[in-house]
Each structure stands twice: as structure tokens, then as C-alpha cells.
Amino acid sequence: MSKKKWFILASILAVGGIGVLLVCALALGFFAGHEVATGSDPGLPVYTMGQQSPSSHPGYLHDSVTGGGEVYVHDYEEYCLQLTFTEPQTVIGLMGSISPAKVGAVPGQPVTAYIAVDCGSEMPAYEPYRNIKQPPFDWRTATFREMTARQQYKFGPVVTTTNAALMAEVVRVLRDGTQVELNPFPFSGATNLMTLNLTSDQLPGMLFCPALCYYGNGTIYLAESLMPDFTVTPPQVRARWIPASPMLTEWLKTP
């Protein structure tokens, strides 16, 4: 299992299973170069992984999938997106691998916009890939209708809101807030790292999920997404953290 996959699996434990976090970037090499798809329907088109490369955004990685005459990417803009399902109902293609790996449709999205790619090995682990012809999801201008989060720690209660002003405040903080430096967190076992999960009608089948940190001094921080750092031993988690606003802090701390 790849370094990044271990990082994401550890993050899943940290957020208490809210959604499916990013699980596949360094696993792509596992599938790359396999030209023959496996599965129950050999008539489905074959999708192949491209060579992983550094993103134009420092600290992130660029991955690609080719199939059906289209090219799809998973890059900085997709790190903060999660699928709303664990496994797609509609399979549109197959990946070549030791065990069958599938490509699925994202409910509410045309396959010319987003697809769901199984980047797992022992278990299916689907991630959203965006068609290079499709503009990235712009959370800065999106309208959200619901937000959920866990309070305080990974087994804390889940809180839900439809408060438009509160969700707009989250967007404002992420967009305009001042970044601060926090000590990096361990690769695994960081129980104070969660996600906010925002639903938008402009993003069918997916959630916008910025990172959420309950820091040791009681302050809450937000970040657009997490970055694994494998240049140090043991590996660490970094992010561009921004202090949460009083409005968001009050909501997250209210029983």
C-alpha cells in the first residue's frame, strides 16, 4: 500500500468516517501500465492511470486517468472533494489491476464532467476525477445548503446546520482569512483533525470538505485541504491553517 494511501486511511480514522477522504494519489502507480481490464463485463471500456507528477500547487500531486476518449485529473482542486457514496451504482469502465477495479458515474454529474475511480486495493476506495474540459468546482462562489461536522474529537456528536450565513462565513474565512503556522501533525493518530462537510446543488454527488482542526489551546482552525509530507520521518500532515471565526467556533462548541 502506498505512502499516501496510508496517510488517507489514517485520516479516515481521524475524522470518524465522515465521507471518504482522499485515498489514492500515490496508489496510482499500482495501476499504471495495466492495459487489460478485469471484471465481469469485458465489454466495458478500459481506463488507464497516467504517470503521477507534482502539482503546480506546492505540496500536492497531479494524477490522471484516460478512458472513453477523455482525460480526467485529480489535483489540488479535487483534494477537498468527497463523493457522497461508497460505491457507484453505475459502472462505466474498468481499470486493469490484480483484482477488478471499476470506474463509475457520479450521480447527478455527466461523465463528461466527473467520474468516480476505484483507487483501492484490498477494498474499493473511490475518488472523484474531473474531466480536463470541466472547470474546477469553485467553492469560493458556490452556494451551500447544508453543513455537518463532528464536535471536538473523532467520536464526538455530529452537528448539522442549514444556516446560510454560517456557511457563507466558512467560505469567507477560507477565502480571505490570514494563514497561520501550526506545528505539523503525525501521519496517523491525529484525533483532532476532522472535516466540515458542505452540500451544494452546484456539486451533485459530492461534498466540499475543508479540513477542521481542534487545536490544543482550544482554538479551531480551518484549511482548504490537508497535505501529507513524506520528506520527514515519521511522515507528517501539514495544511494552510486559518483561524475559525467566532460564529463557526460557537456552532462547533455548542452542545
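Three strands make up an open sheet with the order 12-19-18 and antiparallel pairing. Its edges are strand 12 (185–186) and strand 18 (226–229), each of which pairs on one side only. Strands are DSSP runs of E with at least two residues, helices are runs of H or I with at least four, and both are numbered from the N terminus. Two strands count as paired if DSSP finds at least two bridges between them.

This is a predicted model, in which local features need pLDDT of at least 70 and side-chain atom pairs count only at pLDDT 80 or more, while totals for chains, interfaces and linings use all residues. Residues are numbered from 1 along each chain as its sequence is written, and side-chain values use heavy atoms, with hydrogens and water left out.

A second open sheet has four strands in the order 13-16-17-20, again with antiparallel pairing. Strand 13 (193–195) and strand 20 (242–243) each have a single partner strand, so one side of each is left without a neighbour in the sheet. Helix 3 packs on this sheet and touches strand 17 and strand 20; its direction makes about 70° with that of strand 17. Helix 4 also packs on the sheet, touching strand 16 and strand 17, and its direction makes about 110° with that of strand 17. The axes are lines fitted to C-alpha atoms, for helices over the stretch in contact, and angles run from 0 to 180 degrees between N-to-C directions.

| Strand pair | Bridges | Bridge partners |
|---|---|---|
| Strand 3 and strand 4 | five bridges | Thr 66 and Val 71 |
| Strand 4 and strand 9 | two bridges | Tyr 72 and Asn 131 |
| Strand 18 and strand 19 | four bridges | Met 227 and Arg 238 |

Strand 4 (residues 70–74) is mostly covered, with four of its five residues buried. Buried means under 20% relative accessible area, exposed means over 50%, and partly exposed lies in between (1.4 Å probe, protein chains only). Two residues separate strand 3 and strand 4 in their hairpin, where Gly 68 takes a positive phi near 60°.

In helix 4 (residues 246–253), the buried residues are Leu 248, Thr 249, Trp 251 and Leu 252. They lie on the same side of helix 4 because they cover an arc of only 165° around the axis, taken from the directions from the helix axis to the C-beta atoms. The exposed residues Pro 246 and Glu 250 are on the face turned away from the buried side. The cover over the buried residues includes strand 10 (146–150), strand 11 (158–161), helix 3 (164–176), strand 16 (211–214) and strand 17 (220–223).

The largest nonpolar core holds 37 residues, of which Leu 196 and Leu 248 touch the most other members. Helix 3 gives this core its largest share, six residues. A nonpolar core is a set of buried Ala, Val, Leu, Ile, Met, Phe, Trp, Tyr and Cys residues joined through side-chain atoms within 4.5 Å. Leaving aside neighbours within four places in sequence, Leu 248 is in contact (heavy atoms within 4.5 Å) with Met 147, Leu 166, Val 170, Leu 196 and Leu 222. Another core lies apart from this one and has 13 residues, among them Val 65, Ile 92, Ile 115 and Val 117.

Thr 199 belongs to strand 14 (residues 197–199). Thr 199 has a relative accessible area of 14% and is therefore buried.
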